[in-house]
Amino acid sequence: MKLVPHDPKSSQALRPRVRAGSVSRVVVAGVLATAGAGCDIVQGYKDAGDSLFPEQSTHLASPGLRLVSGNYRELGLVAGTDLYLVAREADDDTGKLVAMRYADPHPCEIPRVVRYSSTREPSRNTPLLAYFEEDTRTGTLRFADAACQRYSLTFDEARLPVGETEHSLVVWAGSDLWLATPETGSQELLADEVTRVTSRVFGKRFAVSAKGSVTLFDSTWTSQGTFGTDVGSMLRTGKSLFYLDADGVHRIAASKASSAVLEDKLLVSDACSLASQGGGWVTVRSPCGGGKLVAIHETSGSTFTLPFDANPEAIKLVPALHSRGLDPLRDPFWFFYLRSGDSESERDTLFVRTPAGDEHALGAHSTLRQLRL
């Protein structure tokens, strides 16, 4: 499961504002609501359906029940096996976080929680919070649970957790990646000399770049293998992970025989400028020094040397109407790309190549960012 960081600077834009005063009802249906300064946190559904959807039968007619009185703001929900409410006092400027169990609201306080994230593992008894006492993205990471139990385990030079398991959090601190269990104070080193962590790799896997190689972890953060030598760049696509190393461009994907087995295949030797072009295509130049433009089909790993030159990092392959879109050398495609000439007036010239193979220059000093066909 992934964690969603709480950013105090952006949270106000994500949660609707409620006018200050006494609030008699709050609809809690998977929606996080933020109450304005000077409001009461309440539970209940009575008449909420009629006010939101007049003349619609919503079956929200339960009597309201006040959770707790007081002035609160930034109301949010965190969940494990139980649901918890977290909020801040309206007149507090110390960063104190107030938490309470939704079914049995007895507010408790965690001091100096400025930036935080919460676990989402549904089997966890009490949600766990990882937080900084300062408004920072890298610093001393501390832990507490939604019952306001604080733990002694800390990490210096850490980010908010990059992942979680059923019982632990994955913390990137300095150049080390740790599997940490704050409740017991234990920590296990997953990788050192880490330079990059990529999530959502063809499913729920994670790719960790460390010591010039790439290690794949499954959703439980169990290693599934280490790949590559002197890896320079890495690219996540829908069903594959591409990387450039000393040998060339590789593709890692789940085996067709078993999704638990990973296959690593060298696709193009002596390559550089690895880039994703959307729509299931990856491009590189091979050989690196003045070589050809090569397109790689993301889902199959098939390679095609294109009959024109372009910047591998600035090209779009668009299948023509009714095209299979599998082979850019045989199937009709539109190509849009940038190519620079020898003079400043020809820098980043936008070209279009039609399905018939005709190339047209559209203009210099261009970009593909807003291009639509």
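**View A. The contacts of H297 in the predicted model.** Leaving aside neighbours within four places in sequence, H297 is in contact (heavy atoms within 4.5 Å) with G280, W281, S302, F304 and L326. H297 belongs to strand β26, which covers residues 292–297; strands are DSSP runs of E with at least two residues, helices runs of H or I with at least four, numbered from the N terminus. With a relative accessibility of 11%, H297 counts as buried (under 20% relative accessible area; exposed is over 50% and partly exposed in between, with a 1.4 Å probe and protein chains only). Residues are numbered from 1 along each chain as its sequence is written, and side-chain values use heavy atoms, with hydrogens and water left out. The model is predicted: local features need pLDDT of at least 70 and side-chain atom pairs count only at pLDDT 80 or more, whereas totals for chains, interfaces and linings use all residues.

**View B. Stacked aromatic rings.** The whole structure contains 10 aromatic pairs (rings of Phe, Tyr and Trp, the last by its six-membered ring, with centres within 6.5 Å; planes under 30 degrees apart are stacked, over 60 edge-to-face and the rest tilted). F333 and F335 form a stacked pair, with 5.9 Å from centre to centre and 25° between the planes. Both partners are buried: the relative accessible area of F333 is 1%, and the relative accessibility of F335 is 5%. A further stacked pair joins Y337 to F351, with centres 5.8 Å apart and an angle of 15° between the planes. This pair links distant parts of the chain, since Y337 lies in strand β29 (residues 333–339) and F351 in strand β30 (residues 349–353), 14 residues apart. Y337 is buried at a relative accessible area of 0%, and F351 is also buried, at 10% relative accessibility. W281, F304, F308, F333, F335, Y337 and F351 form one aromatic cluster. Of this cluster, W281 and F304 are also among the contacts of H297.

**View C. Arginine residues over aromatic rings.** The charged end of R339 sits over the ring of F351, 4.2 Å from the ring centre (NZ of Lys or CZ of Arg within 6 Å of the centre and within 35 degrees of the ring normal). R159 lies over the face of W172, at 3.7 Å from the centre of the ring.

**View D. The disulfide between C108 and C148.** A search of the whole structure finds 2 disulfides (pairs of cysteine sulfur atoms within 2.5 Å). In one of them, the sulfur atoms of C108 and C148 are 2.0 Å apart. The torsion about the S-S bond of C108 and C148 is about 80°, so this disulfide is right-handed. The bond links distant parts of the chain: C108 is in strand β7 (residues 108–110), and C148 is in the loop between β10 (139–145) and β11 (150–158), 40 residues apart. Both cysteines are buried, C108 at 18% relative accessibility and C148 with a relative accessible area of 16%.

**View E. The disulfide between C272 and C288.** C272 is joined to C288 by a disulfide with an S to S distance of 2.4 Å. This pair, too, links distant parts of the chain, 16 residues apart, with C272 in strand β24 (residues 272–276) and C288 in the loop between β25 (281–286) and β26. C288 is partly exposed, with a relative accessible area of 31%. When the bonded cysteines of the protein are numbered in sequence order, the pairing is 1-2, 3-4.

View F. Not counting residues up to four places away in sequence, F143 touches L129, A130, Y131, R150, Y151, L153, F155, L169, V171 and P182.

**View G. The whole protein.** The secondary structure comprises 2 helices and 31 strands. Of the 373 residues in the protein, 47% are buried. Among contacts with a separation of 6 or more, 34% join residues 24 or more positions apart.
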